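Subject: Structure handover

Hi,

Here is the structure I promised to pass on to you. Have a look at it first, and then read on for what turned up.

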Amino acid sequence: AADFKTIFEWHSYRFYLAAKHVYEINDVNLFEFFDYCGPAYCALNAKLSGISFQSADIAIRLHNSLEVMDANEATTVHNLARYRAFALEHSALTKSDYILYPTKKYLEEAYKRYYEKWNALEVHAPPPIVTWPNKRQSHETKDIFLFYGRLFSWKGVDLFVDAAVSFLERTGSSETRFYIVGYDSNLPPAGNGVHPVTNGMA
């Protein structure tokens with residue numbers, strides 16, 4: 001890793017080596033990467049340079065890039081390493097064969113205003129919905145609400161809390177339970193823990 005400027009380049013190179021190995025031993029015609037911190041960067045450069053992946057397409061699925069998240073988080077501290085991660089994301093998106101997006105609104109409003117025009121084919125590809133595992137028998141007398149995701153405002157945890165408070169004020173229900181599950185990003189509104197947000201909710 002000493003030959004790489006940041007951990008982001010190192011991670012992208014490791015993704016490339018793994019994908020290249022799979023490509024060489026299997027008949028793979030599509031590789032899908034996520035967008036966060038540009039893991040597809042090295043693989044795409046290898047394809048454009050004629051080193052590998054000549055008969056395969058490379059797609060990037062839009063989830064949340066680091067730049068998009070930072071643009072919506074005023075408390076983020078920027079440094080050179082972070083800007084290099086932004087650059088990897090930009091480069092990968094402009095070189096990709098396909099861009100997979102969950103909704104048109106998300107593509108247009110959350111992404112395109114931060115990025116230059118890309119040549120990739122845009123494909124509407126919402127996350128698959130599965131029917132397993134089967135739902136356990138529920139208790140009809142209780143309402144249970146779950147927030148599952150990284151704990152910071154871009155994911156909407158503050159909206160979940162506001163909705164919970166509004167619901168309890170309107171219904172006065174004593175049987176309702178609210179659960180927040182996810183990695184604490186140490187960013188507002190909860191600071192460095194979820195306790196100020198969730199205290200007294202369950």
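How far apart are the closest N and O atoms in the salt bridge that K112 forms with E122? They are 2.8 Å apart. Please keep in mind throughout that this is a predicted model. K112 sits in the loop between α5 and β4 (121-124), while E122 belongs to strand β4, so the pair ties together parts that are 10 residues apart in sequence. As for accessibility, K112 is partly exposed, with a relative accessible area of 30%, and E122 is partly exposed at 27%.

K112 also has a salt bridge to E108, with a distance of 3.5 Å from N to O. E108 is partly exposed as well, at 35% relative accessibility. Taken together, K104, E108, K112 and E122 are linked in a network of salt bridges.

Helix α5 (residues 104-111) holds another pair, E109 and K105, which lie 4 residues apart, about one turn of the helix. Their side chains meet in a salt bridge of 2.9 Å, N to O. Here K105 counts as exposed, with 55% relative accessibility, whereas E109 is partly exposed at 44%. For the whole structure, the search finds 11 salt bridges.

D70 is part of helix α3 (residues 66-71), and its relative accessibility is 7%; the cut-off for buried is under 20%, so D70 counts as buried. Which side chains does it contact? The side chain of D70 makes a polar contact with that of R82 at 2.5 Å, and another with the side chain of H78 at 3.5 Å.

Lastly, the strands. In a regular strand, side chains alternate between the two faces of the sheet. β1 runs parallel to strand β2 (residues 57-61), and 5 bridges join the two. Between them the chain passes through helix α2 (residues 41-48), making a β-α-β crossover that is right-handed.

Best wishes

Methods
Residues are numbered from 1 along each chain as its sequence is written. This is a predicted model: local features need pLDDT of at least 70, side-chain atom pairs count only at pLDDT 80 or more; totals for chains, interfaces and linings use all residues. Side-chain values use heavy atoms; hydrogens and water are left out. Two strands pair if DSSP finds at least two bridges between them. A crossover is right-handed if, with the strands pointing away from the viewer, the path from the first strand over the helix to the second runs clockwise. Buried means under 20% relative accessible area, exposed over 50%, partly exposed in between (1.4 Å probe, protein chains only). A polar contact is a pair of N or O atoms within 3.5 Å; within protein, one must be able to donate a hydrogen and the other to accept it, and residues adjacent in sequence count only if both atoms are side-chain atoms. A salt bridge is a side-chain nitrogen of Lys or Arg within 4 Å of a carboxyl oxygen of Asp or Glu.
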